[in-house]
Amino acid sequence: MFMSITASPIAAASLGQVYKARLRSGETVAVKVQRPGIEEAVALDFYLLRSVGYFINAYVDIITTDAVALLDEFARRVYQELNYVQEAKNAIRFKKLYGDRPDVFIPGVFWDYTSVKVLTMDWVEGTKLSEQLAIEKKGLNLVELVNIGIQCSLRQLLEHGYFHADPHPGNLLATNDGKLAFLDFGMMSETPQQARFAIIGHVVHMVNRDYEAMARDYYDLDFISPDIDTSPIAPALKEFFDDALNATVSELNFKTIVDGLGAVLYQYPFDVPAYYALILRSLTVLEGLALFTDPNFKVLGAAYPYFAKRLLTDPNPYLRDALIELLFKDGKFRWNRLENLLVQGKKDADFAVKDALQPVLKLLLGPEGKELRVLVVKEAVRVSEAMLIGTAFAGYNAVPQPIKSILGSGNDWGLLKIKESDISEMLTLREQILRIWNLLRTSDGFDPSSLQPVLEVLQQPEAQAIGGEVISGVSQRLAARLLQQVLRSPLTTSSSV
C-alpha cells in the first residue's frame, strides 16, 4: 500500500504511534497506528478510577462536583479517541468549519488508508510550539502563533461550539509559512448553544463589574440549579474581582480569574459541566504556551475584542439583552461602556461597522421595544441638546475677543445663561459622542455606504416617530432654558452662549 514507511515512529502518543510514509501515488502522509492491547489497558484504568470517584462522591465533602460523572465524560472522549474512523470524521468536520481561515492549516484525511486502528492524513511539515528557538530561527513569532490559536479557539468554542479539546504543544505546529496547524482530532467537544452566549455575557459582565448579572449567568452555564438563590454569590464575586480588576482588561490573567471563580463558587452548591472543564483546559494550555515566551501575556486581553464584537453585533436575544443591560442603568445610557466596547471590538479582525448595534436598533423599533424607546428618546434629547449647545459654546469660545465684544459682553447679555456644571456636562458628553463616531469612522473597511442597513432601519415609521419625539423634546428644553432667563435674574455662576 505504501511506497515507503519509516522503520520507527517519528512521534508517539498515549494511544498510538505516528509513522511518516509515502503513498504509491506520491503523497507524503502521516500514518497513526493504535497501540496493541490499549483498549483493555484503558478499560482497566477507568474501572479503577471510577471506584475512586464513588469514594470521592461519598466521603469528600469539599468536592461538590460529581466525580464519577466527570470521569465518565472523560472516558467517553478517550473511547472516541480509540476509534480512528471517528477521529477522521472529526478532522473533516473541523476542517469544514475552520479550514477557510488564512492563518490556520488542517490536514486532510485519506479514507482508503484509514480504519478503526489506522489513520492516514496529510503530512504537515512544521515545528512544535514548545520549540521556541526553532520557531524564532524560522523568523516566526510564537506569541503571534498562540494568538492565532486563541482567536481560532474562541470561534470554535463560541460560534459553532465544536472545539479541539486537546491543544497541547505536540498537537499544534507552526508551519514554515507561518500558519498554525492543528493535529490529532481524537478528543473533541461541544459547547451547548445556550452556554456559548452565556460565556460571552459572563466575560463582559465580569469586565464591567456587574456582579449580580455574573451570578445569574451561572444558571445558563448550568453551574447552579434554578432553585438555588444566587444573590449571596454577588458580594463574594465583588470581594474577589474588585481587587483582580484593578488592572485593565488587557492585564487580566486567565489563571487568576479561574482560581478566583473557584474560590468563590466552592462556597456554594455548584457543578462544573464537562464541556466547561475541557474549555478551561484548552485555554489554560494556550496561555501557558504564551507565558513560556512572554511572561506578560494575558489570554483574556487577547480574547476580549472578540467578546466585545459579538456583544455589539450578534442578534441573539440573550446577547442583545445583555448589551442593553450593560448600556442602560437606572434609566441612563452609559456612553463610556459603549465607547469601551467599540475600542475593544474594532480590534477584532472580523468587526463590521454596519453590524454594530443593529440588533438593538431592530429591538428598539419592534413591538417588544416600547420601554426601551422611552429611555432612548430621553437620552437622544439629552445628546441632541449637548451637541447643539456644546457646539455653539465651543464655537463662541473660538471667536476672537474683539468679535466677542461686538456680539455681547459675556454673561451680561448672552442668549443663554447656563450653569458651569451643566456646560461642563454637555461638553463632556459631546466629546464622548465625537470620539465614538471617530471610532466607527476609523474602523477597518469603513465606508458610508456600509451604513445603508442601519439607515434602512432608521427609515421605518417607528424610527421617524422617535425622531419627531426627539425634535419636540429638544425644542421644549431649549424653550424652557430661554424662558428661565426671562422669568428669573441671571445666575451668579454661569456661562453664555
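## A salt-bridge network and its surroundings

Arg 101, Asp 103, Arg 155, Asp 348 and Asp 350 are joined in one network of salt bridges. The model is a predicted one. In general, side chains of opposite charge can pair when their charged atoms come close. Across the whole structure, a search finds 16 salt bridges.

Take Arg 101 and Asp 350. Their closest N and O atoms are 4.0 Å apart, and the two form a salt bridge. This pair links distant parts of the chain, 249 residues apart. Arg 101 sits in the loop between α3 and β5. Asp 350 sits in the loop between α13 (335-345) and α14 (358-365). Arg 101 is partly exposed, because its relative accessible area is 22%. Asp 350 reaches 40% relative accessibility, so Asp 350 also counts as partly exposed.

Now move to Arg 155 and Asp 348. They form a salt bridge whose closest N and O atoms are 3.3 Å apart. Arg 155 belongs to helix α5 (residues 142-160), while Asp 348 lies in the loop between α13 and α14, so the pair ties together parts that are 193 residues apart in sequence. Are these two residues buried or exposed? Both Arg 155 and Asp 348 are buried.

Another bridge joins Arg 281 to Asp 166, with the closest N and O atoms 2.9 Å apart. Arg 281 lies in helix α10 (residues 274-293) and Asp 166 in the loop between β8 (162-164) and β9 (172-175), so this bridge ties parts 115 residues apart in sequence. Arg 281 has 35% relative accessibility and so counts as partly exposed. Asp 166 is buried, because its relative accessible area is 10%.

Step back to the whole chain. The protein chain has 497 residues, of which 47% count as buried. Its secondary structure comes to 19 helices and 15 strands. Consider contacts between residues at least 6 apart in sequence: 70% of them join residues at least 24 apart. The chain exposes about 24,800 Å², and carbon and sulfur atoms supply 58% of that area.

Next, the aromatic side chains. There are 12 aromatic pairs. In one of them, the ring centres of Phe 2 and Tyr 113 are 5.8 Å apart and the planes meet at 40 degrees, so the pair is tilted. This pair also links distant parts of the chain, 111 residues apart. Phe 2 is in strand β1 (residues 2-5), and Tyr 113 is in the loop between β5 (104-105) and β6 (118-122). Phe 2 counts as partly exposed because its relative accessibility is 22%. Tyr 113 is partly exposed too, with a relative accessible area of 22%.

Tyr 306 and Phe 307 make an edge-to-face pair, 6.0 Å centre to centre, with 80 degrees between the planes. Tyr 306 is buried, at a relative accessible area of 0%. Phe 307 is buried as well, at 4%. Elsewhere, Phe 94, Tyr 98, Phe 182 and Phe 185 form one aromatic cluster.

Ala 91 lies in helix α3 (residues 84-98). Leaving out residues up to four places away in sequence, Ala 91 touches Ile 106, Val 109, Met 121 and Phe 185. Val 109 is 18 residues from Ala 91 along the chain, and their C-alpha atoms are separated by 7.5 Å. Ala 91 has a relative accessible area of 1%, so Ala 91 is buried.

Arg 310 is a buried arginine, because its relative accessible area is 6%. Its place is in helix α11 (residues 299-313). What lies 2.9 Å from a polar atom of the Arg 310 side chain? The backbone oxygen of Leu 158 does. Setting aside neighbours within four places in sequence, Arg 310 is in contact with Leu 158, Glu 159, Phe 197, Ile 200 and Leu 319.

Finally, look at the surface. Leu 44, Tyr 47 and Leu 48 form a nonpolar patch there, with about 350 Å² of accessible area together. Leu 48 is in helix α1 (residues 38-59). Its relative accessibility is 49%; the cut-off for exposed is over 50%, so Leu 48 counts as partly exposed. Lys 238, in helix α8 (residues 233-244), is likewise partly exposed, at 43% relative accessibility. Lys 238 and Asp 210 are 28 residues apart in sequence, and 8.7 Å apart in space from C-alpha to C-alpha.

Definitions and conventions
Residues numbered from 1 in each chain as written. Heavy atoms only, no water. Helix = DSSP H or I, 4+ residues; strand = E, 2+ residues; numbered from the N terminus. Buried < 20%, exposed > 50% of the residue type's maximum accessible area, 1.4 Å probe, protein only. Polar contact = N/O pair within 3.5 Å; in protein donor to acceptor, adjacent residues only side chain to side chain. Contact = heavy atoms within 4.5 Å. Patch = residues over 30% accessible without salt bridge, like charges linked within 9 Å, V, L, I, M, F, W, Y side chains within 5 Å. Areas by Shrake-Rupley, 256 points an atom, 1.4 Å probe, with all protein chains shown as cover. Salt bridge = Lys/Arg side-chain N within 4 Å of Asp/Glu carboxyl O. Phe/Tyr/Trp six-rings, centres within 6.5 Å; stacked < 30°, edge-to-face > 60°.
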